[in-house]
Amino acid sequence: MRKLKGIALVLVMIVTGGCMMNAPDVPAFEDEFTREFMKSTKAVEEGFYLFESKTGGYTIWFPENAVTESEYYVKAGDQRENTSIMEVYGENLYYRARLWYEDRSVTEMIEPQLSLLSSSAGGYEGEYEEFQFGNNTYYYATTVYETDGGNQVYRFFSYIKSNLNEKGIRFTYTTSCNNFKDPCTIDVEQQEKHALKLMKSVEFQE
């Protein structure tokens, strides 16, 4: 019996090692912490792989050149998880997506959730656009502000609420110059399209 168990363990190690050896040569798999969330080495679409929350509560399409920032990661049981996705791209540009996931009855309280989201988005005081996509309801807004140095910072943010259960995510996407000392040019339309692509790729697990 021990011999069979030993053989089984060796086979598992070989298979696991093989999977890692065949992993795509991109930051999402090269970064050790980020790799823990990747559900498969097979792309869901060119440039995107499937990220699975450690709570098992949701999946999202993950950009191949992005990483999950371990310093911002927090998990509390299977009910709460904070995740940060960041990518440096183009000429002195970056974006960061922050996700606050919850699986609790408080997710049904839309106005308090939007209040928390507005605070996370720099004190936003405007209205939210509500729309349906897949099995989720989205409350979406955008804002832009200028730093003291005259740099533009753009935010696209939404509260994503499952229509099937008590799961929800507050999602903020921020993009600006990676280094404010140097100039940068942001394609705002392209970045909003990218932000919405990530938001709409969220699928809550039943």
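User: Which residue in β2 stands opposite Phe51?
Analyst: Phe51 has Ile60 opposite it in β2. This is a predicted model in which local features need pLDDT of at least 70 and side-chain atom pairs count only at pLDDT 80 or more, while totals for chains, interfaces and linings use all residues. Residues are numbered from 1 along each chain as its sequence is written, and side-chain values use heavy atoms, with hydrogens and water left out.

User: How many bridges join β1 to β2?
Analyst: Five bridges join strand β1 (residues 48-52) to β2, and the two run antiparallel. Strands here are DSSP runs of E with at least two residues, helices are runs of H or I with at least four, and both are numbered from the N terminus. Two strands pair if DSSP finds at least two bridges between them. Another bridge partner is Phe62 in β2, which faces Tyr49.

User: And what lies between β1 and β2?
Analyst: The two strands form a hairpin with five residues between them. In the turn, Gly56 has a positive phi of about 75°.

User: What is the strand order of the open sheet?
Analyst: The order is β1-β2-β11, with antiparallel pairing. β1 and β11 stand at the edges with a single partner strand each, so one side of each is left without a neighbour in the sheet. Strand β11 (residues 203-204) pairs with β2 over two bridges, and Glu203 in β11 stands opposite Thr59.

User: Is β2 mostly covered or uncovered?
Analyst: Strand β2 (residues 58-63) is mostly covered, as five of its six residues are buried. Buried means under 20% relative accessible area, exposed over 50%, and partly exposed in between (1.4 Å probe, protein chains only).

User: Which helix lies across β1 and β2?
Analyst: Helix α5 (residues 188-200) does, running at about 150° to β2. Axes are lines fitted to C-alpha atoms, for helices over the stretch in contact (heavy atoms within 4.5 Å). The angles run from 0 to 180 degrees between N-to-C directions.

User: Changing topic: which residues touch the most other members of the largest nonpolar core?
Analyst: Ile169 and Phe171 do, among 37 residues. Such a core is a set of buried Ala, Val, Leu, Ile, Met, Phe, Trp, Tyr and Cys residues joined through side-chain atoms within 4.5 Å.

User: What does Leu99 touch?
Analyst: Leu99 is in strand β6 and counts as buried at 1% relative accessibility. Not counting residues up to four places away in sequence, its contacts include Ile60, Ile169 and Phe171.
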